[in-house]
Amino acid sequence: MTSASLKRESASWSGLVFSLEAPILQGINVTFRGEPTAIIGQNGAGKTTFVKLLKALLKPSSGDIIINGKNIKNTTAAKIASTVGLVFQNPNDQIFKNNVLDEVLFGPLNIGQAPEVARANAEIMLDLVGLLDKAGENPYDLSLAERKMIAVASILAMDTDIVIFDEPTMGQDARGKKKLKEIIRELYAQGKLVLCILHDMDFVAETFGRTVIFSNGKLLYDGPTRQAFAGQAILDTARVEQPHLTQLACKMGYDGVLLKLEELIKR
Ligand SMILES: Nc1ncnc2c1ncn2[C@@H]1O[C@H](COP(=O)(O)OP(=O)(O)O)[C@@H](O)[C@H]1O
Ligand SMILES: [Mg+2]
C-alpha cells in the first residue's frame, strides 16, 4: 500500500491485543481495499475491539495497523480523526451536545473544517438522514433510532476516507435500513471505504459483497458474502444464522446460496 493511492486504499491489521489475562484478538491479518465489507460474529467475538483499533481508540500490544500507508499503532485517535470515522454502537456514548446541529457540527469543526463548510456539511448530512427539521432540538428528546441517525450524520459530516459503522441497523425500521443501505452505496460511490459491524444478516446479504466473520477473537472467514453463508460449519462455529431469504430459498429446494429477492424471483 502506498499513500499515493489514497481513498479506496485501505485499513489493514495484523497482530495481537492483550487484555489482562487473555488476548482479545489474536492472529488477525486482514486488508481492506475499497469494497464495502460487513463484519459479523456473535457477541463478544471482538468486532468492536477490532474497529476501535482502526480508530486508534485502542492500541495493539503487538502487530501493526496500516492506514493509507501509515502505521497508526502509536497514533492518537485525534490524529486520525480526519481519516477514520466511527459511528458508535450506542449513540448515547457518542452524543454529548444538547442541540442536534451542534452535535453534528462538532466533528467537522474539530478536524478543522471552515465554519461555513462545516455548517453546510452538517446540514447536508442531517437532510440525508431525514433529521434536518430537527436540527434545533435536543438529541435526548428524540428516539433512539433518531439518535443513531444523528451519530451517523455527525460522522458523515467529517468526510473521512474510511467510515465504520458499529451495528447501525439496530433499532431502525425498514425505512431507516433502506436509508442506511443508500448511504453505504453512496459512500462507496464517493470512493470511501465502508466497514460495518452487523447482526442483521438480511442487511448483510442485501448490501455487502464481502464479509469477514469473527469468532472468539479470531478471523474465521474473509471473502465473498455468498461464500460466507454457504458453509454451515463456519456459521455454526461463529453462531451466525443464514439470512432469512437464504433459508427460505433452501427450504423451497433451490440450489446454491441465494442472497437477494431478485435472485429468488429469477429462479
Ligand atoms: N474494555 C475492555 N476490557 C477488557 N475486556 C474487554 C473490554 N471490552 C471488551 N472486552 C472483551 O473483549 C471481547 C470482545 O468484545 P467486543 O469487541 O466488544 O465484541 P463484539 O463487538 O464482537 O461483541 C469480549 O470478551 C469482551 O468481554
Ligand atoms: Mg460490539
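What follows is a short chat about the predicted model shown above.

Q: Before we start, what kind of model is it, and how are residues, chains and ligands numbered?
A: The model is predicted, so to speak from the record's own note: local features need pLDDT of at least 70, side-chain atom pairs count only at pLDDT 80 or more, and totals for chains, interfaces and linings use all residues. Residues are numbered from 1 along each chain as its sequence is written, while chains are lettered from A and ligands numbered from 1 in the order in which they are written.

Q: OK, which domains does the protein have?
A: The assignment gives domain 1 (1–79 + 162–173 + 192–241) and domain 2 (84–159). Those bounds come from an automatic or database domain assignment.

Q: How far apart are the centres of domain 1 and domain 2?
A: Taken over C-alpha atoms, the centres are separated by 24 Å.

Q: And how many residues are in contact between them?
A: On the domain 1 side there are 14 residues, in contact with eleven residues of domain 2. In contact here is C-beta atoms, placed from the backbone, within 7 Å.

Q: Which element gives the most to the domain 1 side?
A: That's β7, with five residues. α1 and β7 (162–166) are the elements that give two or more residues to that side. Helices (H or I, at least four residues) and strands (E, at least two) are DSSP runs, numbered from the N terminus.

Q: How do the residues on that side divide into nonpolar, polar and charged?
A: Eight are nonpolar, three polar and three charged. For the classes, Ala, Val, Leu, Ile, Met, Phe, Trp, Tyr, Cys and Pro count as nonpolar, Asp, Glu, Lys and Arg as charged, and the others, Gly among them, as polar.

Q: Switching to the largest nonpolar core: which residues touch the most other members?
A: Val 104, Ala 153, Ile 164 and Cys 196, out of 71 residues in that core. The largest share, seven residues, comes from helix α5 (residues 144–156). A nonpolar core is a set of buried Ala, Val, Leu, Ile, Met, Phe, Trp, Tyr and Cys residues joined through C-beta atoms within 7 Å. Buried takes 20 or more other C-beta atoms within 10 Å of a residue's own, exposed takes 12 or fewer, and partly exposed is in between, with C-beta atoms placed from the backbone.

Q: Where does this core lie relative to domain 1 and domain 2?
A: Between them, because both domains give residues to this core.

Q: What is Ala 153 in contact with?
A: Leaving aside neighbours within four places in sequence, Ala 153 is in contact with Val 104, Met 125, Leu 126, Leu 128, Val 129 and Leu 131.

Q: What about ligand 1, which residues come nearest?
A: Gly 44, Ala 45, Lys 47, Thr 48 and Thr 49, of the ten residues around ligand 1. Near means that the C-beta atom, placed from the backbone, lies within 6 Å of the molecule or strand. Helix α1 (residues 47–54) gives the most to that shell, with three residues. By class, the shell has two nonpolar, seven polar and one charged.

Q: Which strands pair with β3?
A: β3 pairs in the parallel sense with β8 (residues 193–197) over three bridges and with β9 over four bridges. Pairing needs at least two DSSP bridges between the strands. Thr 37 has Leu 195 as its bridge partner in β8 and Arg 210 in β9.

Q: Are the faces of β3 covered or open?
A: Both are covered: Thr 37 and Ile 39 on one side and Ala 38 and Ile 40 on the other are all buried.

Q: Last one: is Ala 56 buried or exposed?
A: Ala 56 is buried, with 22 other C-beta atoms within 10 Å. Ala 56 sits in the loop between α1 and β4 (62–67) and has a positive phi of about 60° although it is not a glycine.

Definitions and conventions
Two residues are in contact if their C-beta atoms, placed from the backbone, lie within 7 Å.
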